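Visitor: Could you take me through the side-chain contacts and the strands of this model, one question at a time?

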Amino acid sequence: MEIKQRRTSEHLQILKCSICKSSWAIDIKIIAEIKSFTGSNNICKEICDGIWFSVIPQPLVKGEVFWEEDIKWLIEGIKYVREMIIKNSKYGNKTWIEIGSLQFSICDFQEDALPIAMMYWAAKSFGFEIPDVEVTFDKTENRYLFEF
């Protein structure tokens, strides 16, 4: 797995996760911002104790659409590493993650790779060790298998 990260500001994090163990790869790019949750609002929702989540109302990429199913997979990735996020976030149990862009090629994509990309984004953004993820490729099914 290849991870590339670029920081554009103190809070905005860009990460590209590439998974390649066969003739085709899954590339997922996540752009998200880390904020402090300061009180109740109708923009974000608490997805687990101490972590709030939202998608930006106007995506950073023109014409981009956030699909509800994709967002559910991203949230699963955050929940998997929630304790490490809270431990390493300067906002502690008032951490808000806002997705600004989620990019991937629909031709070379599996939804179940989204939690892994989100866990990697969190690990790089909050400075903790990337969780162990076993990635294999099933040639018969022509799909990646993830175990974590």
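Guide: This is a predicted model, in which local features need pLDDT of at least 70 and side-chain atom pairs count only at pLDDT 80 or more, while totals for chains, interfaces and linings use all residues. Residues are numbered from 1 along each chain as its sequence is written, and side-chain values use heavy atoms, with hydrogens and water left out.

Visitor: Which residue forms a salt bridge with D112?

Guide: A salt bridge here is a side-chain nitrogen of Lys or Arg within 4 Å of a carboxyl oxygen of Asp or Glu. The closest N and O atoms of the pair that includes D112 are 3.3 Å apart. D112 lies in the loop between β6 and α3 (114–126) and its partner in strand β8 (residues 143–147), so the pair ties together parts that are 31 residues apart in sequence; helices (H or I, at least four residues) and strands (E, at least two) are DSSP runs, numbered from the N terminus. The partner of D112 is R143.

Visitor: How many salt bridges does this rule count?

Guide: Besides the bridge between D112 and R143, E98 forms one with K35, their closest N and O atoms being 2.8 Å apart. E98 belongs to strand β6 (residues 95–104) and K35 to strand β3 (residues 25–36), so this pair links parts that are 63 residues apart in sequence. By this rule the count comes to two salt bridges.

Visitor: Is E98 buried or exposed?

Guide: Buried means under 20% relative accessible area, exposed means over 50%, and partly exposed lies in between, with a 1.4 Å probe and protein chains only. K35, the salt-bridge partner of E98, is partly exposed at 22%. With a relative accessible area of 7%, E98 is buried.

Visitor: Over the face of which residue does K35 lie?

Guide: A charge sits over a ring if NZ of Lys or CZ of Arg is within 6 Å of the ring centre and within 35 degrees of the ring normal. K35 is placed at 4.6 Å from the ring centre of W96. The residue whose face lies under K35 is therefore, by that definition, W96.

Visitor: Which residues make up the covered face of β8?

Guide: In a regular strand the side chains alternate between the two faces of the sheet. Strand β7 (residues 134–138) has V135 and F137 on its covered face and E134, T136 and D138 on its uncovered one. In β8 the uncovered face holds R143, L145 and E147, and the covered face holds Y144 and F146.

Visitor: Which residues form one aromatic cluster with Y144?

Guide: Rings of Phe, Tyr and Trp (its six-membered ring) pair if their centres lie within 6.5 Å, with planes under 30 degrees apart counted as stacked, over 60 as edge-to-face and the rest as tilted; the structure holds eight such aromatic pairs. The rings of W24 and Y144 have centres 5.0 Å apart and planes at 75°, so that pair is edge-to-face, whereas Y144 and F146, with centres 6.4 Å apart and planes at 20°, are stacked. Both W24 and Y144 are buried. The residues in one cluster with Y144 are W24, F137 and F146.

Visitor: How many of the 13 residues of α3 are buried?

Guide: Among the buried residues of α3 are L114, W121 and F126. S125, also in this helix, is buried at 11%, and its side chain reaches the backbone oxygen of W121 at 2.8 Å. Helix α3 is largely enclosed by the rest of the structure, because the number of its 13 residues that are buried is 12.

Terms used. Polar contact = N/O pair within 3.5 Å; in protein donor to acceptor, adjacent residues only side chain to side chain.
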